[in-house]
Amino acid sequence: MSADTLIIEQVNRVFQTPAGKVTALKGIDLRVRKGEFITLIGPSGCGKSTLLKIVAGLDTSYEGSVLLNDKPISGPSIEKGFIFQEPRLFPWLTVEKNIAGNLSLKHKDVRKKVEEYIALVRLEGFEKAYPRELSGGMAQRVAIARALLRNPDVLLLDEPFGALDAFTRSHMQEVLLDIWQNNRTTMLFVTHDLDEAVFLGERVVIMNPRPGHIRSIQPIDLPFPRKRTSSSFQELRTKVLREFEKVEEPEFDTGAGI
Amino acid sequence: MKNQQTAIRRTAEQGWLSFIPWSLHAWLVPVAIAALWQMAGGLGWISQALLPTPLMIAKQFVHLGVSGELWGHFEVSILRAFSGFILGSLTGLALGMSTGLGSMAERTLDPSIQMLRTVPLLSLIPLFILWFGIGEFSKILMISLGAFFPVYVNTFLGIRSVDAKLYEVSRIFQYSKLQLLTRLILPSALPNILLGIRLSLGVSWLVLVVAEMMGTSAGIGYMIQDARAYSQTDIVFVGIIIFAMIGKLSDSSVRLLETRLLSWRETYKG
Ligand SMILES: Nc1ncnc2c1ncn2[C@@H]1O[C@H](COP(=O)(O)OP(=O)(O)OP(=O)(O)O)[C@@H](O)[C@H]1O
Ligand SMILES: [Mg+2]
């Protein structure tokens with residue numbers, strides 16, 4: 001058995017659309033250690049969600065190989081958690097029932113855990129509320145609690161904090177780091193926020209669009225807890241930003257050499 | 001000057017209306033019409049043989065009720081409509097669910113059902129009488145056929161409009177086949193299913209009346225038909241009022257069920 005829990009090799013994903021073929025991913029190679037925190041960053045449409053769905057087992061129409069604990073991914077499973085880009089709550093269920101999902105709230109330990117996670121995402125008092133009564137950020141926190149409750153080995157997060165205000169967002173980042181450190185969950189975290197990527201990730205994967213591929217991988221060798229104001233943090237942030245700028249203007253970059 | 005006058009009149013009007021409780025406002029127009037109708041009948045403006053006055057209809061209502069005749073017809077009609085409705089809507093639910101859930105069933109069953117649906121139901125009545133006679137069985141079968149299609153079509157539609165994004169969530173959390181059905185598909189399809197049931201109730205009533213006018217010896221429809229033969233217009237009115245009341249009652253009970261079960265919905269309320 002290798003030390004890497006997730007091995008992605010030469011993965012391509014081509015969508016057939018009425019307008020023709022769209023290559024969403026091309027030649028993706030990524031190896032993730034068990035318990036590693038990976039952040040993925042890249043411009044809109046570069047295939048981040050597509051990659052996450054392949055790892056989740058929701059999308060199996062890809063070329064290449066994806067191994068989780070040495071086994072090819074054949075479909076969704078309970079050890080792979082997913083937080084979608086949108087909350088995706090069941091509109092006919094209250095907050096607590098949404099979090100419990102197919103687990104029964106009549107079980108004492110399920111109820112206790114649901115209450116615990118409601119407190120963690122700071123939604124006390126909204127247990128009996130329906131999704132239509134929640135703000136976008138509150139709904140997303142319910143979705144986060146729902147995924148965390150199941151304590152998966154691998155957690156796939158697709159811009160989970162995009163709809164949150166700055167205060168709630170930094171609180172949720174702390175919560176996520178806590179859970180990661182306590183449970184050694186392997187994290188694959190998509191974001192479009194550079195600060196967030198550097199603050200959370202042990203490695204930042206920078207992606208490029210058309211076709212979606214990995215531009216570079218930047219290790220962030222800073223101990224946790226990290227301080228955004230420290231000079232080493234700022235240095236690494238600038239480094240990633242430079243990589244990111246190359247992504248945004250590839251033509252400009254090659255032109256500069258002449 | 002003129003504007004001022006209309007303004008005064010308007011407040012006067014509202015002042016007059018405010019003496020009557022809100023809940024009774026819907027009754028103002030019917031009561032006014034009934035009063036006018038009664039007056040016109042009483043003064044001999046309209047023939048009472050064609051249009052009996054509200055008082056005469058009410059008297060006949062009480063008379064039929066006390067003699068027990070009304071209840072006999074009522075029972076027969078209710079039993080017919082209800083058994084036809086239950087038979088038809090349950091079949092519609094079962095078949096709608098199987099074609100909705102399985103593409104196999106959809107390919108093989110749905111085209112035939114859709115073809116049958118385009119046949120006007122009432123044109124089948126002579127065939128039903130030829131095959132099954134004019135007995136109870138024939139009537140209930142006719143009603144259930146009418147009740148079948150609205151539930152079938154709407155159940156199918158409801159199942160096919162389940163949000164694919166929520167389906168992905170249920171896959172991530174590894175819902176079992178049964179959980180998928182009871183916790184995602186049925187709740188999503190419920191608004192459509194209830195709509196189908198409401199439409200189906202309406203059709204059941206319609207077919208009931210037609211079936212009862214074709215030839216029977218009991219039922220509200222028969223009572224109407226019989227009274228027409230003897231020009232007892234007031235009894236015809238009693239029958240019509242009963243149909244209207246039951247129709248409204250059954251529709252309201254499904255609506256109540258809707259507001260109870262679908263309170264989670266966020267919709268435009270006018
Ligand atoms: N189901 C689909 N059918 C056709 N094309 C698709 C489909 N899903 C994604 N794509 C295409 O694949 C590319 C990558 O999409 P993806 O959703 O992975 O982007 P993303 O990096 O998550 O973007 P964003 O940051 O905006 O969420 C896009 O060009 C998109 O048009
Ligand atoms: Mg995306």
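# Close-up views of a predicted model

View 1. A:I7 is buried, and its relative accessible area comes to 7%. Here "buried" stands for under 20% relative accessible area, "exposed" for over 50%, and "partly exposed" for anything in between, using a 1.4 Å probe and the protein chains only. What you are looking at is a predicted model, where local features need pLDDT of at least 70 and side-chain atom pairs count only at pLDDT 80 or more, while totals for chains, interfaces and linings use all residues. Residues are numbered from 1 along each chain as its sequence is written, chains are lettered from A and ligands numbered from 1 in the order in which they are written, and side-chain values use heavy atoms, leaving out hydrogens and water. Where does A:I7 sit? You'll find A:I7 in strand β1 of chain A. Strands (E, at least two residues) and helices (H or I, at least four residues) are DSSP runs, numbered from the N terminus. A:I7 and A:L67 are 60 residues apart along the chain, yet 5.1 Å separates their C-alpha atoms.

**View 2. What surrounds ligand 1?** The residues around ligand 1 are A:F15, A:T17, A:A24, A:S44, A:G45, A:C46, A:G47, A:K48, A:S49, A:T50, A:Q85 and A:E159. To make this list, a residue needs a heavy atom within 4 Å of the ligand. Two elements of chain A, β1 (4–17) and α1 (48–56), each bring at least two residues to this shell. Which of the elements gives the most? That's α1(A), with three residues. By type, the shell splits into three nonpolar, seven polar and two charged residues. In this sorting Ala, Val, Leu, Ile, Met, Phe, Trp, Tyr, Cys and Pro are nonpolar, Asp, Glu, Lys and Arg are charged, and the others, Gly among them, are polar.

**View 3. Polar contacts to ligand 1.** A polar contact is a pair of N or O atoms within 3.5 Å; within protein, one must be able to donate a hydrogen and the other to accept it, and residues adjacent in sequence count only if both atoms are side-chain atoms. The side chain of A:S49 has an N or O atom 2.7 Å from an oxygen atom of ligand 1. For A:Q85, a polar side-chain atom lies 3.0 Å from a ligand 1 oxygen, and for A:E159 the distance from a polar side-chain atom to a ligand 1 oxygen is 3.3 Å. On its own, ligand 1 has 630 Å² of accessible area, and the protein covers 62% of it. Such areas come from the Shrake-Rupley method with a 1.4 Å probe, and for residues, only the protein chains shown count as cover.

View 4. A:E159 isn't a glycine, but its phi is positive, about 40°. A:E159 belongs to the loop between β7 (154–158) and α5 (166–183) of chain A, and at 15% relative accessibility it is buried. A:N69, not a glycine either, has a positive phi of about 50°. Look for A:N69 in the loop between β4 (63–68) and β5 (71–72) of chain A. Is A:N69 buried or partly exposed? A:N69 is partly exposed, at 31% relative accessibility.

**View 5. Aromatic rings and their partners.** Rings of Phe, Tyr and Trp (its six-membered ring) pair if their centres lie within 6.5 Å; planes under 30 degrees apart are stacked, over 60 edge-to-face, and the rest tilted. Over all chains, that makes 17 aromatic pairs. One edge-to-face pair is A:F90 with A:W92, at 5.6 Å centre to centre and 70° between the planes. Both A:F90 and A:W92 are buried. In chain B, B:W71 and B:F74 also pair edge-to-face, at 5.6 Å and 90°. B:W71 and B:F74 both sit in helix α4 (residues 69–101), three residues apart, or about one turn of the helix. B:F74 is partly exposed, at 24% relative accessible area. Back in chain A, A:F37, A:F161, A:W180, A:F189 and A:F224 make up one aromatic cluster.

**View 6. Two cis peptide bonds in chain A.** A:R210 and A:P211 are joined by a cis peptide bond, with omega about -15°. A:P211 is in the loop between β9 (203–208) and β10 (213–219). From A:F224 to A:P225 the bond is cis too, with omega near -5°. A:P225 lies in the loop between β10 and α7 (231–248).
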